[in-house]
Amino acid sequence: MLYAAYAGNLDPERMAARAPRSPMRDSGWLPGWRLTFGGEEHGWDGPLATVVESPDSPTDTVYVVLYEVAPEDEDLLDEWEGASTGLYARITVRVHTLDGDLPAFVYVLQAYEGGVPSAMTVGLIADAAEAGGAPADYVAELRSRPCRSVG
């Protein structure tokens, strides 16, 4: 079984439109990772969301939603996430769930980290986290992140 773990786009409705044969299966955490932004030159309104390993800070963790990826949806997701162009790389990670650890793939930005995301980007990520069942304190932390207004 192939699982995809999503940290920035947790909204089940948005995922169903992108990968219609890949249902949501679980949620969990990526301990030792953090949600960040980078590749400002690639985003239409600023830096893009990504996850990065954070080995020096064991308290860092990222909430993710796991989707069971149907073979027919793999290429669709790679294209949608920019893996087919090299913007993001698809890597395998271990996701901690209540039922144990599961291997899953995530998309990691292939650009320099840095930049302040737009308020719209932060809002979309926080709204998606809420829709994906993230704990309230995690959503509140997302909403409190520094951001800039666009326009």
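Two residues are said to be in contact here when heavy atoms of theirs lie within 4.5 Å. By that criterion, and leaving aside its neighbours within four places in sequence, T121 is in contact with F37 and D45. The structure is a predicted model, and its protein chain holds 4 helices and 7 strands.

**Overall fold and shape**

- The protein chain is as compact as a globular protein of its length, because its radius of gyration of 15 Å is close to the 15 Å that the globule rule gives for 151 residues.
- Along its principal axes, the C-alpha trace of the protein chain spans about 40 × 35 × 30 Å.
- Among contacts between residues at least 6 apart in sequence, 72% join residues that are at least 24 apart.

- Of the 151 residues of the protein chain, 45% count as buried.
- The accessible surface of the protein chain comes to about 7900 Å², and 53% of that surface belongs to carbon and sulfur atoms.

**The largest nonpolar core**

- The largest nonpolar core has 39 residues, and those with the most contacts inside it are Y6, L30, V51, V62, L77 and V95.
- Two or more residues of this core are given by each of the strands β1 (3-6), β3 (33-38), β4 (48-53), β5 (61-68), β6 (88-97) and β7 (100-109), and likewise by the helices α3 and α4 (136-143).
- L30, leaving aside its neighbours within four places in sequence, is in contact with D60, T61, V62, V64, V93, R94, V95 and V106.

- T121 has its place in helix α3, which covers residues 119-131.
- T121 counts as buried because its relative accessible area is 12%, and the cut-off for buried is under 20%.
- V122 also lies in helix α3, and at 7% relative accessibility V122 counts as buried.
- Not counting residues up to four places away in sequence, V122 touches P117, L142, R143, P146 and C147; among these, L142 falls within the residue range of helix α4 (136-143).
- V122 and E53 are 69 residues apart along the chain, and their C-alpha atoms are separated by 20 Å.

- T92 lies in strand β6 and is exposed, with a relative accessible area of 63%, where exposed requires over 50%.
- Not counting residues up to four places away in sequence, T92 touches P103, A104 and F105.
- The C-alpha atoms of T92 and A104 are separated by 5.4 Å, while the two residues are 12 residues apart along the chain.

**A loop residue between β7 and α3**

- E113 lies in the loop between β7 and α3, and at 43% relative accessibility E113 counts as partly exposed.
- Not counting residues up to four places away in sequence, E113 touches R34, T36, F37, G38 and V52; F37 is also one of the residues in contact with T121.
- E113 and T36 are 77 residues apart in sequence, yet they are 7.4 Å apart in space, C-alpha to C-alpha.

Note on methods
Residues numbered from 1 in each chain as written. Predicted model: local features only at pLDDT ≥ 70, side-chain atom pairs only at ≥ 80, totals over all residues. Heavy atoms only, no water. Buried < 20%, exposed > 50% of the residue type's maximum accessible area, 1.4 Å probe, protein only. Core = buried A, V, L, I, M, F, W, Y, C linked by side-chain atoms within 4.5 Å. Rg over C-alpha atoms; globule rule 2.2 N^0.38 Å. Areas by Shrake-Rupley, 256 points an atom, 1.4 Å probe, with all protein chains shown as cover.
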